[in-house]
Amino acid sequence: AEKIAGPVLASSGLRRAEAGQMMSILENILAELRKNGRIDYFANIKPESALGPMIYTSLQELRVAGVASADLSADSFVDPVKANAIVAILECYEHHMCEQKLYDAGDVWRIAMQQENSQALLILPPFVELTAREKDFVTKRAGENFVLLAVPTEKSIPAEYDFFRAIGAANEIAEVFRRIVALRMPIDTVQLVHANSEEHVREIFLRAIAMDVPVTFAEGIPVVWNKAGRCLLHLLDWISADFDARILVNMLYDGEAKFSQECFSAARQQRKNIRKILRETPIGRGRNRYQFAEDWLQREFDAVFATVPIAAENPYIEVSKLAAAVGRVYARWGVFTDASEIEAQKKISEFLSDAALWADYRLDFSACLDRLREGVTRLRFLSEGSKAGHLYVQPYTTAGWTRREQLFFVGMNSDMIPGAGLQDPVLLDDERQKISRLLEPQGKRSTKKRIQFEQVLAGLTGKLVFSWKSG
């Protein structure tokens with residue numbers, strides 16, 4: 001849908017809105033509506049940074065379902081006051097997106113559904129879970145050429161399987177690697193499947209590094225697991241903590257930041273240790289306390305502080321302005337040489353450049369930092385498929401299709417598979433059914449996940465080991 005609608009929307013002069021940008025727009029809308037008394041239904045949920053994430057997901061679902069503010073009526077909601085609040089939020093969101101010439105997933109689906117049918121052959125495996133909107137799209141695009149493969153018969157069910165339990169995710173992953181080593185398994189015959197658990201993926205990542213095991217991740221890994229990502233996170237922490245010198249010293253010791261070449265050359269010429277100077281100078285917090293006898297070091301910080309806004313002077317600030325300032329400091333101090341670090345830095349720099357172009361919506365200074373922190377935390381890189389000589393890691397929803405002999409299913413706890421079937425706190429299931437057939441009920445998610453998991457298992461062969469953690 002993005003490939004079909006993207007060029008059409010771009011030719012109209014529209015830009016794709018980033019998640020952080022849409023969240024900033026939403027928080028501004030909520031603050032304005034609260035001031036005008038138009039969202040009394042959510043009056044007890046403060047501040048906007050707490051209400052925003054609650055509303056955001058439901059808002060995007062309405063947009064993807066093609067529901068506009070004009071389509072909503074009070075009869076669809078359990079409370080007319082709630083209906084007025086949702087309509088007001090959606091109406092303001094539509095106005096802001098139009099005014100700023102931005103488009104989101106809702107616009108993508110709307111335009112994609114308007115384009116001519118391709119009638120191309122489309123084949124999908126049985127465990128691919130499509131939303132109601134996605135089903136409409138593939139049916140319209142492919143028509144009779146849409147083929148959903150049948151669930152494999154009982155002949156495909158593996159003959160060998162095993163189970164084990166471990167205390168904590170770290171011990172669970174350690175046991176998996178112990179079995180791989182003990183049984184002398186060729187690493188490219190092994191696949192690790194997880195229940196969409198970031199905790200298990202991180203443990204796999206750390207264990208692979210510790211044991212020098214080559215590994216590829218189907219969905220990539222977060223950039224914040226890399227030194228380049230940690231550099232930006234700690235830089236934001238440094239600004240948030242009123243430039244606490246201890247954070248900066250730790251960044252220098254951990255190799256997450258390096259001062260400019262001019263500063264480094266001057267320090268080397270005078271046989272001075274920058275980290276030692278910072279550690280021994282009684283700075284504490286506050287940019288005005290960064291005073292040094294070394295003029296080259298003073299110039300370094302003067303250049304940085306001339307870029308970064310002061311929170312006390314800017315209690316409310318544009319996210320774009322802060323992103324541009326942080327981007328300049330990151331470009332100055334984020335110097336990396338490792339190939340993966342350079343790739344992560346490129347992703348982060350692109351994100352900061354995009355954030356610097358966001359509309360000038362003003363938020364609380366700490367909220368702006370949170371937007372940037374959340375944005376970089378969502379970034380992933382090093383996404384690769386199955387590779388010879390490498391362990392392969394992927395979520396259970398796409399397991400198989402690699403023909404590897406040994407599969408370890410980790411994190412198979414009941415809270416993950418099938419998980420809880422909780423309703424959306426903003427749009428209840430009864431309300432969803434009244435608003436649009438494309439809004440799927442959330443209370444039945446656990447049943448759908450269980451069925452999807454069974455379909456995945458039915459298509460696997462080889463040796464399976466299931467594990468879960470306790471404690």
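Predicted model: local features only at pLDDT ≥ 70, side-chain atom pairs only at ≥ 80, totals over all residues.
Residues are numbered from 1 along each chain as its sequence is written, and side-chain values use heavy atoms, with hydrogens and water left out.

Me: What makes the 80 residues around Leu192, Trp238 and Phe259 a nonpolar core?
Reply: A nonpolar core is a set of buried Ala, Val, Leu, Ile, Met, Phe, Trp, Tyr and Cys residues joined through side-chain atoms within 4.5 Å. Buried means under 20% relative accessible area, exposed over 50%, and partly exposed in between (1.4 Å probe, protein chains only). The largest such set has 80 residues, and those with the most contacts inside it include Leu192, Trp238, Phe259 and Trp333. Helix 9 (residues 227-240) supplies the largest share of this core, eight residues. Another core, of 37 residues, lies apart from it and has Ile39 and Ile435 among its members.

Me: Which residues does Trp333 touch, not counting those up to four places away in sequence?
Reply: Contact means heavy atoms within 4.5 Å. On that basis Trp333 touches, among others, Leu235, Trp238, Phe259, Phe301 and Val304.

Me: Why is the span of helix 14 called close to the expected one?
Reply: Helices (H or I, at least four residues) and strands (E, at least two) are DSSP runs, numbered from the N terminus. The expected span is 1.5 Å times one less than the number of residues. Helix 14 (residues 319-333) has 15 residues and reaches 21 Å from its first C-alpha to its last, close to the 21 Å expected. Its buried residues include Val319, Leu322, Val326 and Trp333.

Me: How do you know that strand 6 and strand 13 pair?
Reply: Two strands pair if DSSP finds at least two bridges between them. Strand 6 (residues 190-194) and strand 13 (residues 406-410) have five bridges, in the parallel sense, and are therefore counted as paired. Val193 stands opposite Phe409 in strand 13. Strand 6 also pairs with strand 12, in the parallel sense over four bridges, and His194 stands opposite Pro395 there.

Me: Why is strand 6 called mostly covered?
Reply: Five of its five residues are buried. Val190, Leu192 and His194 point one way, and Gln191 and Val193 the other.

Me: What makes strand 5 and strand 7 edge strands?
Reply: The open sheet of six strands has the order 5-14-13-6-12-7, with parallel pairing. Strand 5 (160-167) and strand 7 (215-217) each have a single partner strand, so one side of each is left without a neighbour in the sheet.
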